[in-house]
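Here are my notes on this model. Please keep the sequence and the 3D view open as you read.

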Amino acid sequence: MTEQLKQLRDEIDKIDGEILKLVNKRAAYAQQIGIIKESDTIYRPEREAQILSRVRQDNPGPLDDTRIARLFTEIMSVCRALEKSMTVACLGPQGTFSEEAAIKRFGNAITTLPCDSIDAVFRSVESDNAGYGVVPVENSTEGAVGRTLDLLLQTSLTVCGEIQLPVHQSLMANQADLTKIDKIFSHPQSFAQCHHWLQTNLSGVSSTAYINTSSNADAARLAEQDEHAAAIASKRAADLYGLTICAENIEDDSKNTTRFLVLGTQEVEPSGKDKTSLVMSAGNYAGAIHKLLTPFAEHNVSMTRLESRPSRTSLWQYVFFVDIEGHQKDKNVSRALKELIEKTTFLKILGSYPTT
């Protein structure tokens, strides 16, 4: 057995050497591409989506597709960093789900810029303090993030990617004795996502002692300063702030997922599997919504999301946020959008980007 182990380990050593050479060869090619390109843009969402799709399709195992995608995301991340450093703005402080989403999309070879609000994320990208921003747009349990939708309506930025992040909430404190907890810090959406668990397991803590914070990580920071406080946040936040995890996966829905958008200034080319986001409005008359949606049906464009929001310009006037399958440069989508322009009082294409 000892000889067999040695042989296997020798083979692993050889493979490691081959991987090292190949990864560096890939990095060298990436550097050459950076020199040849006329543009300073180093992040190409459509190109990276195609790479990840291909490696998933070609993956023979035993590593599953999720781990393979994560591995190649990190390879692309370090190769990107050789061309140019990248700063990504997200809701802070360290340890938020927004930061986790940013790293899931861009890999660890980036600099994250923690912001104290969603507004600040938008401002950081608009002012060129960050190349990209990551903001939450909807949760599978609690629905749309209204502030993000309102800012998308106003911003000059483009949506150039999306991230689907499974969100698992943990209760954490300075100690594990739940009877000593008299207040809980967290983001309002996290309280809503964990409502049933809290009522069942911490019924002694009044809902008036639920203290809203700007982010889950900020909740962990505040709980670290109070022996009788707990926080609802990610496991990473517990590690960062030295807290004890009292209970894991306390979200009421085990499939709880938050969708994030990547904001930038570039137009994304078609990847072959894309989504287009837009916002529109129509006059206040019978059949107005039906009239807006007709071009999609006529040109075989599938609508995956429809969300209404107050327009904030007139009383009882609404705008509609829509996601459709396909890229705005696809023939059927392009034709549908051309017809839509003639039927709307307002239309803004937020961006086309690879779907996850």
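**Notes on the sheet and the cores**

1. The model is predicted, so local features need pLDDT of at least 70 and side-chain atom pairs count only at 80 or more, while totals for chains, interfaces and linings use all residues. Residues are numbered from 1 along each chain as its sequence is written, and side-chain values use heavy atoms, without hydrogens or water.

2. Strand E12 (residues 274–281) pairs with E14 in the antiparallel sense, over six bridges. Strands (E, at least two residues) and helices (H or I, at least four) are DSSP runs, numbered from the N terminus. Two strands pair if DSSP finds at least two bridges between them.

3. The open sheet has four strands, in the order E13-E14-E12-E15, with antiparallel pairing. Its edge strands are E13 (303–310) and E15, and each pairs on one side only.

4. Helix H11 (residues 288–298) packs on the sheet and touches E12, E13 and E14. Contact means heavy atoms within 4.5 Å.

5. Thr344 sits in the loop between helix H12 (331–343) and E15. Is Thr344 buried or exposed? Its relative accessible area is 14%, so Thr344 is buried. Buried means under 20%, exposed over 50%, partly exposed in between (1.4 Å probe, protein chains only).

6. The largest nonpolar core has 23 residues; Phe122, Val135 and Leu152 are among those that touch the most other members. H5 (118–126) is one of its suppliers, and gives the most, with five residues. A nonpolar core is a set of buried Ala, Val, Leu, Ile, Met, Phe, Trp, Tyr and Cys residues joined through side-chain atoms within 4.5 Å.

Definitions and conventions:
Axes are lines fitted to C-alpha atoms, for helices over the stretch in contact, and angles run from 0 to 180 degrees between N-to-C directions.
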